[in-house]
Amino acid sequence: MSDSTPGGNEESGVVIRSTGSWYDVKTADDIISSRIRGKFRLGGSDQTSPVVVGDRVDIRLEPDGTGLIVSIHDRLNRIVRRAAGRKVGREHIIMANVDVAWIVQSVLYPKINPGFIDRVIVMASLYDIDVGIIINKNDLIEDEFEDAIVYWTEVYRALGYSVLSTSALTGEGLGVLTSALKDKTSAILGPSGVGKSSLLNVIEPDLNLVVGDVSMRTGKGTHTTTSSTLYPLSSGGFVADTPGLREFGLIDLEPDMLSHYFVEFDRFAEYCHYPNCTHDHEPECRVKEAVESHAIYPERYESYLNMLYSLRQGEKDVGR
Ligand SMILES: Nc1nc2c(ncn2[C@@H]2O[C@H](COP(=O)(O)OP(=O)(O)O)[C@@H](O)[C@H]2O)c(=O)[nH]1
Ligand SMILES: [Mg+2]
Ligand SMILES: [Zn+2]
């Protein structure tokens, strides 16, 4: 993708913020406000923006101190979802070059949504991005739903994902999260209101991110973070606060391939009668048998079917 190598007045850096027409590029010792060269486009791709947060770029330094992005390095991976609204069918890249995707959920306001977790896990696995789960607002746990929180924690731990129990209010679990973020590039993903910005404010107080109210009527957060931004961490590494994702539409995935991204299905799927079994209606399906015998969590199977059906319909109505 590079059409030039950094020379005398060129430097390489990472895009840490995008405002639409300007991009903040962090170089070795500066942050340079940069534009994109007029005709410069990523070859033939169908994206909402050619340069995204996390991209490694080469910039040419202009006499006025701004930069001109002249090339984008190949992306290792990306976090992408099907764009919602009028741009349905197009992809919306949330961030590029991610080491770990942390899925944030909360105990209450809004309550935990395993369907969302499963969708992000599938997307991240598709691009070989490690996944962790944060269940925030653990200060709000009360007897009546404690069992549910314990249950979901067990489900995802049993699948091999780390699950952190945190509170931005009391600071619980934040030492573990801080160590997990060190020296990595991490994306913090989740719906509005779960406490993404609040968690980052505790970990890195200088960030002063705006924290939103949660509507008492709908239990949903307000969208205060409108685009992804990468923040350098004082202990090393970068973390991205991302806009609240109400829905997470899958893209780049054929329905037949979906079950490969449900890690616990694999060891049963290889014995299904039909080699291309989708574990839906087919007879002699070992995955369905495993669900019946509780060797696979029924909620994960339900989530799988929801995703399978929406992928088959081309995700016309993106699941929550
Ligand atoms: N009780 C409690 N409230 C929290 C916690 N974390 C965030 N909140 C509140 O949840 C609301 C949304 O927080 P915010 O950080 O803006 O969420 P974001 O939309 O995910 O970035 C705010 O009113 C926060 O004060 C927590 O751990 N416990
Ligand atoms: Mg926020
Ligand atoms: Zn099957």
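Below are legends for several close-up views of this predicted model.

**View 1. The whole chain before we zoom in.**
Let's start with the big picture. The chain has 7 helices and 13 strands. Of its 320 residues, 51% are buried. The chain exposes about 15,400 Å², and carbon and sulfur atoms supply 50% of that area. Now take the contacts between residues at least 6 apart in sequence: 65% of them join residues at least 24 apart.

**View 2. The largest nonpolar core.**
Nonpolar side chains tend to be buried together in soluble globular proteins. Here, the largest nonpolar core has 64 residues, and the members that touch the most others are Ile 79, Ile 133, Tyr 156, Leu 258 and Val 287. Which helix gives the most to this core? That's helix α1 (residues 114-126), with 7 residues. Zoom in on Tyr 156 and set aside its neighbours within four places in sequence: its contacts then include Pro 114, Ile 117, Asp 118 and Ile 121. Tyr 156 also meets Ile 133, Tyr 161, Val 163 and Arg 300. There's a second, separate core too, with 18 residues, among them Leu 164, Leu 177, Leu 199 and Leu 233.

**View 3. Leu 164 in its strand.**
Leu 164, one of the members of that second core, sits in strand β10 (residues 162-165). Its relative accessibility is 12%, so it counts as buried. Leaving out neighbours within four places in sequence, Leu 164 is in contact with Trp 102, Ile 133, Ile 134, Ile 135, Val 176 and Leu 177. Look for Leu 174 as well: it is 10 residues along the chain from Leu 164, and their C-alpha atoms are 8.8 Å apart.

**View 4. Thr 153 on helix α2.**
Thr 153 belongs to helix α2, which covers residues 143-158. Is this threonine buried or exposed? It's buried, because its relative accessible area is 14% and the cut-off for buried is under 20%. Not counting residues up to four places away in sequence, Thr 153 touches Ile 135 and Val 163. Thr 153 and Ile 135 are 18 residues apart in sequence, and 8.4 Å separates their C-alpha atoms.

**View 5. Around ligand 1.**
Next stop, the ligand. There are 18 residues around ligand 1, and those that come nearest are Asp 139, Ala 168, Gly 193, Ser 198 and Gly 212. Sorted by class, this shell has 7 nonpolar, 8 polar and 3 charged residues. Helix α4 (residues 196-203) supplies the largest share of the shell, 3 residues. Look at the oxygen atoms of the ligand: one is 2.6 Å from a polar side-chain atom of Ser 198. On its own, ligand 1 has 580 Å² of accessible area, and the protein covers 85% of it.

A polar atom of the Ser 228 side chain lies 3.0 Å from the backbone oxygen of Ile 94. Aside from neighbours within four places in sequence, Ser 228 has contacts with Ile 16, Val 53, Ile 94, Asp 241, Thr 242 and Pro 243.

Most residues other than glycine have a negative phi, and most peptide bonds are trans. Where is the cis peptide bond in this view? It joins Tyr 109 and Pro 110, with omega at about -5°. Pro 110 lies in the loop between β8 (100-106) and α1. Asp 252 isn't a glycine, yet it has a positive phi of about 65°. You'll find Asp 252 in the loop between β13 (238-241) and α5, partly exposed at 44% relative accessibility. His 294 also has a positive phi of about 65° without being a glycine. His 294 is in the loop between α6 and α7 (298-312), where it is exposed, with a relative accessible area of 64%.

Key: Residues are numbered from 1 along each chain as its sequence is written. Chains are lettered from A and ligands numbered from 1 in the order in which they are written. This is a predicted model: local features need pLDDT of at least 70, side-chain atom pairs count only at pLDDT 80 or more; totals for chains, interfaces and linings use all residues. Side-chain values use heavy atoms; hydrogens and water are left out. A nonpolar core is a set of buried Ala, Val, Leu, Ile, Met, Phe, Trp, Tyr and Cys residues joined through side-chain atoms within 4.5 Å. Buried means under 20% relative accessible area, exposed over 50%, partly exposed in between (1.4 Å probe, protein chains only). Helices (H or I, at least four residues) and strands (E, at least two) are DSSP runs, numbered from the N terminus. Contact means heavy atoms within 4.5 Å. A residue is near a molecule or strand if one of its heavy atoms lies within 4 Å of it. A polar contact is a pair of N or O atoms within 3.5 Å; within protein, one must be able to donate a hydrogen and the other to accept it, and residues adjacent in sequence count only if both atoms are side-chain atoms. Accessible areas come from the Shrake-Rupley method with a 1.4 Å probe; for residues, only the protein chains shown count as cover. Ala, Val, Leu, Ile, Met, Phe, Trp, Tyr, Cys and Pro count as nonpolar, Asp, Glu, Lys and Arg as charged, and the others, Gly among them, as polar.
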